[in-house]
Amino acid sequence: MTTTRASKPTPASTPASGDSAEAVEAVEAVEAVEAVEARDAVDAVDAKVPWRRLVPLSAQHVLAMIAAPVSTVFLVAGTLKMSPDATASLLSAVLLLCGAGALLQSLGVWRIGGRLPFVMLPGGAATALFLQIAQEHGAPTAAGAVLLAAALLLAVLPVYARVVRLFPPLVMGVTVLLIGIAMIRVASRLVTGPDGTGEPRAVLLAGLTVAATVAAYVFLRGVWRQTSVLIGMAAGTAVAVATGLGAFAPAAGSGFALPAFLPFGTPRFDLLAALPLLVFSLTTLAEITGQTVLNSETVGRTPAPERDVPRVARADAVVSLAGGLFGTSLMVTSAENIGIGRLTGVRSRFVTAGAGALLVVLGLATPVSRALAGIPEAVVGGSALVVYAVIAVMGVEMLRRADLSGTGTGSLTAALALTVGLLPLLTPDLYEGFPGWARTILGSGVVAGTLTAVLLTALLGRFGAKSPTPAPPDPHARQ
């Protein structure tokens with residue numbers, strides 16, 4: 001006859017003292033509390049928020065991220081010499097896609113979207129590569145490169161675990177640092193003009209914009225500090241109008257309208273020209289992993305990268321496919337808003353979904369985009385210099401988490417990869433006599449440096465001393 005769990009234990013199994021029984025009860029109590037906390041965390045992520053709280057909380061998320069799409073659009077428009085109407089249309093497209101991406105990541109559809117409180121932005125590093133391709137091969141080729149890169153990201157997700165190993169912090173740091181340096185050079189041309197000889201008043205206006213941005217970042221707090229780039233642009237524009245250093249000329253139009261479809265014409269597909277964005281799309285898997293784990297921990301959900309990362313990446317790819325059709329570069333999830341979640345303690349994904357809805361409304365409201373399109377080019381250049389200088393510093397921060405000690409091969413790998421990546425920037429005609437395909441690969445500092453870092457990490461890692469396990473990728477690196 002079998003005994004039940006209610007039967008008294010035998011003397012051999014009886015606790016030796018009351019203290020042991022109390023210890024067991026304490027462990028059971030802790031486990032019960034942890035179970036309740038885990039359940040509450042899951043409930044908090046999926047909790048509906050009342051309208052009176054949802055609107056201000058969602059607006060706070062919009063304020064925290066709005067500077068990135070605005071400054072990115074003006075950088076693209078200034079570099080490609082787009083008209084005010086075309087700039088307004090592109091800004092509408094970017095805001096719409098940011099909103100659609102936030103809705104998709106927050107709510108999720110099938111296996112697309114992580115169902116986490118994410119928002120989406122045009123990637124600063126991806127924009128740098130988009131502009132590089134546009135300047136060298138034309139805007140239609142750049143649009144085609146975005147479509148190819150988004151399709152590649154979708155294609156490699158089944159082998160995600162193998163691909164992400166190719167991009168440890170050392171490789172990611174080299175890539176992001178090179179992108180930041182290359183983009184500072186591009187942004188400076190917005191101030192100086194294509195010939196590199198700017199007017200003193202344009203340089204002064206850009207400098208005042210940078211100063212206003214720095215002042216806003218130093219003296220403001222909370223969400224206002226996160227909008228320091230946007231505040232700097234507003235201050236720079238006000239100074240331009242008040243002093244005559246520049247002109248504010250909004251595009252004509254009113255009401256609501258949809259952005260232009262295929263603004264650069266039919267996309268052109270060139271695999272070699274698209275190589276910088278193709279390589280970058282693979283590196284984003286490491287960044288997506290870091291962001292997804294960080295966001296999961298922030299909202300109290302147990303991180304599950306093998307399940308959530310492919311869903312987040314699919315949403316990135318789907319929105320980027322739409323972006324290629326509306327003239328934008330790759331769209332990426334943003335870690336800026338994770339900090340707001342930590343600050344406010346609000347974990348609900350419906351708050352970022354509300355932010356997505358607000359962005360869609362802003363994208364359709366043409367007076368907003370047309371007014372913003374009138375910001376002077378030197379002001380945009382000054383703001384862009386701040387944004388891309390920060391990207392370069394993020395690359396340095398990522399390299400700091402790699403093993404660059406003298407006992408391993410990391411320092412040699414980073415040194416050689418950065419040398420290969422900087423050569424095309426410092427000596428633009430270095431590969432002029434090479435075949436076209438070689439010029440495309442070696443002439444892009446980002447591609448050449450990243451490929452060098454990947455190859456050297458794989459080769460030298462076999463012969464050098466074993467390095468400590470690298471830190472996870474920086475979740476803030478794609479802003």
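These are legends for a set of views of a predicted model.

Figure 1. Across its 479 residues, 50% are buried. The chain has 20 helices and two strands. If you look at contacts between residues at least 6 apart in sequence, 84% of them join residues at least 24 apart.

Figure 2. The average pLDDT is 78, and 79% of the residues score at least 70. Among the elements, helix 6 (residues 139-156) has the highest mean, 94, while helix 1 (residues 18-46) has the lowest, 54. Over residues 466-472 the pLDDT stays under 50, and the model has seven contacts there beyond four places in sequence. Residues 475-479 are also below 50, with 29 contacts beyond near neighbours in sequence.

**Figure 3. Inside the largest nonpolar core.** This core has 105 residues, and L75, F167, V174, M233, L277, L285 and L330 have the most contacts inside it. Helix 8 (residues 169-192) gives the core its largest share, twelve residues. Zoom in on L330 and you'll find that it touches, among others, L121, P122, V146, L277 and F280.

**Figure 4. A salt bridge between R349 and D46.** The closest N and O atoms of this pair are 2.7 Å apart. R349 sits in helix 15 (residues 349-364) and D46 in helix 1, so the bridge ties together parts that are 303 residues apart in sequence. Is R349 buried or exposed? At 10% relative accessibility, R349 counts as buried, whereas D46 is partly exposed at 33%.

Figure 5. D308 bridges to R307, with the closest N and O atoms 2.8 Å apart. D308 is buried, at 1% relative accessible area, but R307 is partly exposed at 37%. In another pair, the side chains of R400 and E397 meet at 3.2 Å, N to O. Both lie in helix 17 (residues 377-400), three residues apart, or about one turn of the helix. Here R400 is exposed at 62%, and E397 is partly exposed at 32%.

**Figure 6. A nonpolar patch on the surface.** V214, Y217, V218 and F219 make up this patch, with about 430 Å² of accessible area together. V218 belongs to helix 9 (residues 200-219) and is partly exposed, with a relative accessible area of 43%.

Terms used:
Residues numbered from 1 in each chain as written. Predicted model: local features only at pLDDT ≥ 70, side-chain atom pairs only at ≥ 80, totals over all residues. Heavy atoms only, no water. Patch = residues over 30% accessible without salt bridge, like charges linked within 9 Å, V, L, I, M, F, W, Y side chains within 5 Å. Areas by Shrake-Rupley, 256 points an atom, 1.4 Å probe, with all protein chains shown as cover. Salt bridge = Lys/Arg side-chain N within 4 Å of Asp/Glu carboxyl O. Helix = DSSP H or I, 4+ residues; strand = E, 2+ residues; numbered from the N terminus. Buried < 20%, exposed > 50% of the residue type's maximum accessible area, 1.4 Å probe, protein only. Core = buried A, V, L, I, M, F, W, Y, C linked by side-chain atoms within 4.5 Å. Contact = heavy atoms within 4.5 Å. pLDDT = per-residue confidence, 0-100.
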